[in-house]
Amino acid sequence: MNLEEKEYFLKAGFTTEQYEEIRTGKKQGLNVAIYANKNFLPIQMRQIRLGLLEGLAVENYAKIEYDWFQMEEIRCGLKSGVDTSVFADYKIPYEKMRQLRKGLEAGMDLSEYTYLNAGVIRQIRKAGLSGVDLSSHIERSYDAEQLQEIRYALEKGIDLDKYITVSFRAASIAEIRIGLEQGIAVEDYATMEYNWQQMREIRKGMEHRLDVEQYI
């Protein structure tokens, strides 16, 4: 370790952790000038250093406005060769960036859904991969967990719309979905009168051909 160099950086206001990122970059033969900025957190510096090491256009994310999670998503996008301009906006949280990036990597531009939360965008992406359409359910404001259960059903060719509303919890929708998969008459318990635990007990009773009339 070059003690004089370290002392220089520490006196200039860099932390020991920041200096270590600079020192490591120099040892790797990188142009560390792009991230030798004491306003970058060490972990931000690391994302820029990794990008330089991978030969990426780090200027796309070597900006103070991005947190290190966002930097990582942009770096991963650059690495996989997608158009990072679709999601390289510091106002987009990294969770959304991740779903937009993964969508692009799968050939889907999901930028029109940026107004939705990351969990919903994830379900749209998963639905796209399996060739099902959640658009009508998104318009009805089903949340991410509900959409996941609806997606599972649609992937098996099961239409839940006759039995569910947005008022059902995801766990209740799951019980209805499982019942339909098993060929059970779910209309006997697909009602807001029952919580999901009760639905499960009724479903299991029907599955084992028990007389469930006493607790329906």
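Modeller: Let me start with a term: buried means under 20% relative accessible area, exposed over 50% and partly exposed in between (1.4 Å probe, protein chains only). This is a predicted model, so local features need pLDDT of at least 70 and side-chain atom pairs count only at pLDDT 80 or more, while totals for chains, interfaces and linings use all residues. Residues are numbered from 1 along each chain as its sequence is written, and side-chain values use heavy atoms, with hydrogens and water left out.

Colleague: Happy to begin with a single residue. Is glutamine 18 buried or exposed?
Modeller: Glutamine 18 sits in helix α2, which covers residues 16-27; helices here are DSSP runs (H or I, at least four residues; strands are E, at least two), numbered from the N terminus. The relative accessibility of glutamine 18 is 4%, so this residue counts as buried.

Colleague: Which residues does glutamine 18 touch, not counting residues up to four places away in sequence?
Modeller: Contact means heavy atoms within 4.5 Å. With the residues up to four places away set aside, the partners of glutamine 18 are Gly13, Asn37, Lys38, Phe40, Pro42 and Met45.

Colleague: Let's go on to the α5 region. How far apart are the end C-alpha atoms of α5, and what should its twelve residues span?
Modeller: α5 takes in residues 94-105. The expected span of a helix is 1.5 Å times one less than its number of residues. For the twelve residues of α5 this comes to 16 Å, and the distance between its end C-alpha atoms agrees, at 16 Å.

Colleague: What do the buried residues of α5 pack against?
Modeller: The buried set in α5 is Lys96, Met97, Gln99, Leu100, Arg101, Gly103 and Leu104. Packed against these buried residues are α4 (68-80) and α6.

Colleague: How is α5 oriented relative to α6?
Modeller: Axes are lines fitted to C-alpha atoms, for helices over the stretch in contact, and angles run from 0 to 180 degrees between N-to-C directions. Helix α5 meets helix α6 (residues 118-130) at an angle of about 10°, and their axes are 9 Å apart. Under 35 degrees counts as roughly parallel, over 145 as roughly antiparallel, 65 to 115 as roughly perpendicular and the rest as oblique. The arrangement of α5 and α6 is therefore roughly parallel.

Colleague: Which residues of α6 make that contact with α5?
Modeller: On the α5 side, the contact uses Glu95, Lys96, Gln99, Lys102 and Gly103. The α6 side supplies Ala118, Ile121, Arg122 and Arg125.

Colleague: Which residues does tyrosine 113 touch, not counting those up to four places away in sequence?
Modeller: Tyrosine 113 belongs to the loop between α5 and α6. From tyrosine 113 to methionine 97 there are 16 residues in sequence and 11 Å in space, C-alpha to C-alpha. Beyond four places in sequence, tyrosine 113 is in contact with Ile121 and Ile124.

Colleague: How far apart are the C-alpha atoms of glycine 128 and alanine 106?
Modeller: Glycine 128 is part of helix α6, and at 38% relative accessibility it counts as partly exposed. Alanine 106 is 22 residues from glycine 128 along the chain, and the separation of their C-alpha atoms is 9.1 Å.

Colleague: Now for the region around α8. What is phi of serine 141 near?
Modeller: Serine 141 lies in the loop between α7 and α8, and its 55% relative accessibility makes it exposed. Its phi is positive although the residue is other than glycine, with a value near 70°.

Colleague: How is α8 oriented relative to α9?
Modeller: Helix α8 (residues 144-155) and helix α9 (residues 170-181) have axes 8 Å apart and an angle of about 10° between them. That angle makes the pair roughly parallel.

Colleague: Which residues of α9 make the contact with α8?
Modeller: α8 contributes Glu145, Gln146, Glu149, Tyr152 and Ala153.

Colleague: What covers the buried residues of α8?
Modeller: Those buried residues are Ala144, Gln146, Leu147, Glu149, Ile150, Arg151 and Ala153. Their cover includes α6, α7 (135-139) and α9.

Colleague: Leaving aside neighbours within four places in sequence, which residues is arginine 151 in contact with?
Modeller: Arginine 151 is a residue of helix α8, and it counts as buried because its relative accessibility is 7%. Its contacts beyond four places in sequence are Gln123, Lys126, Ala127, Val132 and Leu134.
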